[in-house]
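Please look over the sequence and the model, then read the points below.

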Amino acid sequence: MNFYYFSSPSTFYRLAGKLAPWFFALALVSGIAGMYSGFVVAPTDAQQGEVYRVIFIHVPAAWMSMFTYFVMACYGAVSLTFNTRLAAMMARALAPTGAMFTFVALWTGAFWGRPTWGAYWVWDARLTSELVLLFLYIGFMALANSFEDARRGDRAAALLALIGLVNLPIIYFSVQWWNTLHQGSSVSFKGTSMHVAMLWAMLLMMFSFWMYAIGVALVRCRTIILERERRTQWVRSLT
Amino acid sequence: MDHNYFLMMSYGMTALAIGAELVLLRIGRSRALKHIEEERDLETQD
């Protein structure tokens with residue numbers, strides 16, 4: 001299989017158009033299943049009561065915020081190294097969704113923190129580094145759009161994304177490196193301390209968010225392709 | 001403390017954020033298609 005074939009914007013545009021609805025459908029089905037598991041099947045937490053159910057969006061959103069940034073930085077690295085147009089477009093396409101997930105993680109964390117810690121916000125290492133991640137996303141988008149020449153914007157933003165990668169291990173290990181109010185991880189490769197129904201609900205929501213992020217990134221990348229390639233014959237033949 | 005309020009605020013904002021992103025996505029695509037048509041019309045006039 002020749003992968004260079006798929007790096008052509010015209011090929012990718014058509015492929016993304018076919019794939020995106022499937023990703024949205026998977027996101028919807030797994031999201032409904034996750035909500036059902038989270039609100040109907042999963043038992044009430046003995047200590048936190050019903051409010052713990054925020055976990056089913058807070059944790060997947062936080063994971064997605066970091067994972068999306070990692071993928072965005074990888075696309076940035078590919079675009080810088082190989083000067084590929086599509087990789088830069090994908091990096092741009094992922095940034096708003098990553099920012100949205102980071103905002104959701106911070107917001108839901110605040111509304112989980114208030115009843116459990118007694119405060120919406122504390123300058124805890126985990127919370128602060130997650131807030132820095134939101135600023136990195138905003139900075140990426142601002143920088144990418146601040147150049148007249150889109151390709152220069154791509155390069156500057158990719159560089160920022162790569163520099164910002166250092167924040168990801170800080171977020172992940174912050175609960176181990178510092179004495180934080182935020183709890184440690186309940187799920188790891190070694191196992192989990194959660195009830196199996198809670199874990200399934202969380203994993204289903206995680207899958208749903210993942211599918212949603214891919215679907216949205218594909219659709220947004222198609223829009224970016226339309227804008228950048230609007231003077232080409234193949235784009236004009238679309239409308 | 002009423003836990004429903006915290007759940008509603010969390011899930012409500014998530015739904016709002018996803019909804020807003022999908023609306024913006026649609027607006028962006030419509031705008032891109034409009035630009036293409038406008039440029040084509042201008043070239044036709046020339």
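Helix H3 of chain A passes helix H7 of chain A in a right-handed crossing, a crossing being right-handed if the near helix is turned clockwise from the far one by less than a right angle, and left-handed if anticlockwise. This is a predicted model, in which local features need pLDDT of at least 70 and side-chain atom pairs count only at pLDDT 80 or more, while totals for chains, interfaces and linings use all residues. Residues are numbered from 1 along each chain as its sequence is written, and chains are lettered from A, with ligands numbered from 1, in the order in which they are written. Helices (H or I, at least four residues) and strands (E, at least two) are DSSP runs, numbered from the N terminus.

**H3 and H7 of chain A**

- H3(A), residues 85-117, and H7(A), residues 196-228, pack at an angle of about 130°, with their axes 8 Å apart; axes are lines fitted to C-alpha atoms over the stretch in contact, and angles run from 0 to 180 degrees between N-to-C directions.
- H3(A) and H7(A) are therefore oblique to each other (under 35 degrees is roughly parallel, over 145 roughly antiparallel, 65 to 115 roughly perpendicular, and the rest oblique).
- Residues of H3(A), including A:Met89 and A:Leu94, meet residues of H7(A), among them A:Val216 and A:Ile224; contact requires C-beta atoms, placed from the backbone, within 7 Å.
- By class, this contact of H3(A) with H7(A) has ten nonpolar, one polar and two charged residues (Ala, Val, Leu, Ile, Met, Phe, Trp, Tyr, Cys and Pro are nonpolar, Asp, Glu, Lys and Arg charged, and the others, Gly among them, polar).

**H4 and H6 of chain A**

- H4(A), residues 125-144, packs with H6(A), residues 167-177, at an angle of about 160°, the axes being 8 Å apart.
- H4(A) and H6(A) are therefore roughly antiparallel, and H4(A) passes H6(A) in a left-handed crossing.

- Chain B has one helix and zero strands, and its C-alpha trace spans about 70 × 10 × 5 Å along its principal axes.
- Of the 46 residues of chain B, 9% count as buried (20 or more other C-beta atoms within 10 Å of the residue's own; 12 or fewer is exposed, in between partly exposed).
- In H1(B), the buried residues include B:Phe6 and B:Thr14, and their cover includes H2 and H3 of chain A.
- The contact between the chains takes 21 residues from chain B and 27 residues from chain A.
- On the chain B side, these divide into eleven nonpolar, five polar and five charged.

How values were computed
Two residues are in contact if their C-beta atoms, placed from the backbone, lie within 7 Å.
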